[in-house]
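Thanks for sending this one over.

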Amino acid sequence: MVDPGEAGPVQRYLAAQKLKLVAILATHHHPDHTGGIAELVAAGKVPVFGPKGEPIPALTHPVGQGDEVDIAELSALFSVLDIPGHTRAHVAYYGLGALFCGDTLFACGCGRVFEGTPEQMVDSLGKLAALPDDTKVYCGHEYTLANIQFARQVDPGNAELAAREARAQRLRAEGRPTLPSTLGEERATNPFLRCSEPVVVASANKYLGARVADPVRVFAAIRDWKNRV
Ligand SMILES: [Zn+2]
C-alpha cells in the first residue's frame, strides 16, 4: 500500500479482494498520505518505508536516493528517488514499470512547492521525466481534469493536450479514474515538464509581464499562476 491517508478504505479493499498487506510505502509526511499508517500496522505489523528526514508514523525503513525497496512477497523491487520540493525529503518509488510519485508530479500538473524551492522542484520533475515513456504514473491525487483546464490556458495550441482532455472527461463521466497516466503523456502535455517550450515560456512571460527564459523562472511563474486560479 502506498500513501494510506486512511486505514478504513484500505482494510475494506484488502478484505474484499482477499489480499494481505505486506508493506507500506510513504512518499512524504503529509497526513493525507500517512494518516492511516498507525492503524494499519496496529492491526498487523508490516515494514513501513518512507523518506529519512521526514516524520513518518511507525517508520521502520528510512530510505533515500539510491536505496532499493525489496518486497519479496510480491517479487517487487523499487528504486528510491529523492524528489524534494513539495516537502523537504519527498521520495518516489520506481519499479515494475510503475512510478509512485506522491504529490510531486500529478497527471498534467505538479504539487505545490511548500518546503523546498522552485529550483529543487524543477530538478525533481526532471528526474522523473527522464524515466521511460511507458512508465505508469501513479500520483497522489485525482486532480487531472482541473489540471488539464489550467494547462490549456498555458499551452493552448497543444493538440495532444486537447485529446487528453476529451479522454479524461470521458473517463470521469463514466466514474473511472484517469490514473495511472504515462510519462510519455506527461512529457507531451504537462506544462510543468515543458518549461523550455516556446509556447509555455510565452505564456509565463505574459503572466509575469516580463521576459524570462530560464526554465526555473518559467516554472515558478506558472506554479504561481496556478496557485491563483
Ligand atoms: Zn502532500
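The points below take the metal site and then the salt bridges.

1. A word on the basis. This is a predicted model, in which local features need pLDDT of at least 70 and side-chain atom pairs count only at pLDDT 80 or more, while totals for chains, interfaces and linings use all residues. Residues are numbered from 1 along each chain as its sequence is written, and side-chain values use heavy atoms, with hydrogens and water left out.

2. The zinc ion. Its donors are H28 (NE2), H30 (ND1), H86 (NE2) and D103 (OD), at 2.2 to 2.3 Å. Donors here are N, O and S atoms within 2.8 Å of the metal (3.2 Å for Na, K and Ca); water is not among the atoms, so sites may look incomplete. The donor residues follow the spacing H-x1-H-x55-H-x16-D in sequence. H28 sits in the loop between β1 (24-25) and α2 (31-34) and D103 in the loop between β7 (98-100) and β8 (105-106), so this pair links distant parts of the chain, 75 residues apart (helices, H or I, have at least four residues and strands, E, at least two; both are DSSP runs numbered from the N terminus).

3. Geometry and burial. The angles among the four donor atoms run from 90 to 165°, and the site is irregular. H28 is buried at 0% relative accessibility, and D103 is buried at 4%. Buried means under 20% relative accessible area, exposed over 50% and partly exposed in between (1.4 Å probe, protein chains only).

4. Salt bridges across the chain. The whole structure holds ten salt bridges, each a side-chain nitrogen of Lys or Arg within 4 Å of a carboxyl oxygen of Asp or Glu. One of them joins R172 to E142, with the closest N and O atoms 3.8 Å apart. Because R172 lies in helix α6 (residues 159-173) and E142 in the loop between β10 (136-138) and α5 (144-154), the pair ties together parts 30 residues apart in sequence.

5. Further pairs. R152 and E165 meet at 2.9 Å, N to O, linking helix α5 to helix α6. R152 is partly exposed at 31%, whereas E165 is buried at 12%. D224 pairs with R228 at 3.0 Å; here D224 is partly exposed at 29% and R228 is exposed at 61%. Finally, R164, R167, E185 and E186 form a salt-bridge network.

Methods: Tetrahedral: all angles 85-135°; square planar, octahedral: opposite > 155°, others 65-115°.
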